[in-house]
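Open the model in your viewer and keep the selection panel at hand. Each stop below says what to pick and what is found there.

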Amino acid sequence: MTWTVFFTAIFSAMLINNVVLLRFLGVCPFLGVSKKTESALGMSMAVTFVMVVAAAVTYPLYYLVLKPLEIEYVQTIAFILIIASLVQLVEMFIKKFSKKLYKSLGIYLPLITTNCAILGIAVQNITDNYADLYGIGPGFFVAVVTAFGAALGFGLVMFSFSSIRERLDAATNLPESWRGVPVSLIVAGIMALAFLGLGGIV
Amino acid sequence: MLPGILFVCGAVGLYMVSFALNKKTAAPEGLSKIDALKCGACQNFACTIKQTLEEEEAV
């Protein structure tokens, strides 16, 4: 396995298979927490942190516990519960040890429990069969890197969408019926089309 | 079948323990009250912060 694999994984997860605009996962925080750039950045940081940790936990859990015990059918519920527990533990540690981090991420952590992008990437890491392609050990690193790339893609889209929304809120020449959610949905659609154009790169 | 049930029960137990531990851990000083304005944008019905704020408002 070469560095090319890692760069392709990051690039592909970030732009070509963007988790929000092309796979329609994590749309709730995309629309809900994108009114202000500051909130969007906070949410993106929290998602990056949890997505990477969740991938690092769920991948070995599947190959070292669920598969040997032949209980792959509980994968979805197991991942949901493990991710929810993980978020609780992460929040607890942040509360205890880092006031600064809690101030910036604390409010977004409970929301991540219900963020389907986290579960989506954890499941994708299994269905994409990195273990068969690269072996269980190297496959783990590809899974974590993919999760990081997906989180970067989430952050990129959140930041750009929130910046556009801030400018649209300040616009005075926008028809009244278009203000708020309608124009945001149109912008989201145009952004999805733009990302679709990156499809043939890799 | 039994390992699956046991695993799910274990995962539920893990969640309950982590939830209880998180609930018991006090927030850092000055940050116990969450700024209502900060989470006004999200309409997530499962959000515990929103529920707490609504309860406080009702009182």
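Predicted model: local features only at pLDDT ≥ 70, side-chain atom pairs only at ≥ 80, totals over all residues.

Residues are numbered from 1 along each chain as its sequence is written, chains are lettered from A and ligands numbered from 1 in the order in which they are written, and side-chain values use heavy atoms, leaving out hydrogens and water.

**Stop 1: chain B**

Select chain B. It has 2 helices and 0 strands; these are DSSP runs, helices being H or I of at least four residues and strands E of at least two, numbered from the N terminus. Of its 59 residues, 24% are buried. Here buried means under 20% relative accessible area, exposed over 50%, and partly exposed in between, with a 1.4 Å probe and protein chains only. Color by element next. The accessible surface of chain B is about 4,300 Å², and 67% of that belongs to carbon and sulfur atoms. Areas come from the Shrake-Rupley method with a 1.4 Å probe; for residues, only the protein chains shown count as cover.

**Stop 2: the contact between chains A and B**

Show both chains. How many residues does the contact take from each chain? It takes 30 from chain A and 30 from chain B, where contact means heavy atoms within 4.5 Å. Together the chains bury about 2,700 Å², 74% of it on carbon and sulfur atoms. Buried area is the accessible area (1.4 Å probe) that two parts lose on being put together, summed over both.

Now pick Q88(A), K95(A) and I107(A). These supply 22% of the area that chain A buries against chain B, more than any other three residues.

Look for polar links next. There are 5 residue pairs in polar contact between chain A and chain B, both at pLDDT 80 or more. A polar contact is a pair of N or O atoms within 3.5 Å; within protein, one must be able to donate a hydrogen and the other to accept it, and residues adjacent in sequence count only if both atoms are side-chain atoms. Salt bridges across this interface number 0. That term needs a side-chain nitrogen of Lys or Arg within 4 Å of a carboxyl oxygen of Asp or Glu.

Which helix gives the most to the side of chain A that touches chain B? α4(A) does, with 12 residues.

**Stop 3: the salt bridge**

Over all chains, the structure holds 1 salt bridge. Select R179(A) and E176(A): their closest N and O atoms are 3.8 Å apart. R179(A) is partly exposed at 27% relative accessible area. E176(A) is exposed at 65%.

**Stop 4: S44(A)**

Go to helix α3 of chain A, where S44(A) lies. Is S44(A) buried or exposed? It counts as buried, because its relative accessibility is 6%. Leaving aside neighbours within four places in sequence, S44(A) is in contact with F154(A), G155(A) and M158(A).

**Stop 5: two positive phi values**

Pick E70(A), in the loop between α3 and α4 of chain A. Its phi is near 55°, a positive value in a residue other than glycine. E70(A) is exposed, at 63%.

Then select N129(A), in the loop between α7 (116-127) and α8 (130-134) of chain A. Phi of N129(A) is also positive, near 55°. N129(A) is partly exposed, at 33%.

**Stop 6: a nonpolar patch**

Finish with L31(A), V181(A) and L185(A), which make a nonpolar surface patch of about 250 Å². Patches are made of residues with over 30% relative accessible area and no salt bridge; like charges are joined within 9 Å, nonpolar side chains (Val, Leu, Ile, Met, Phe, Trp, Tyr) within 5 Å. L185(A) lies in helix α10 (residues 181-196) of chain A. At 46% relative accessibility, L185(A) is partly exposed.
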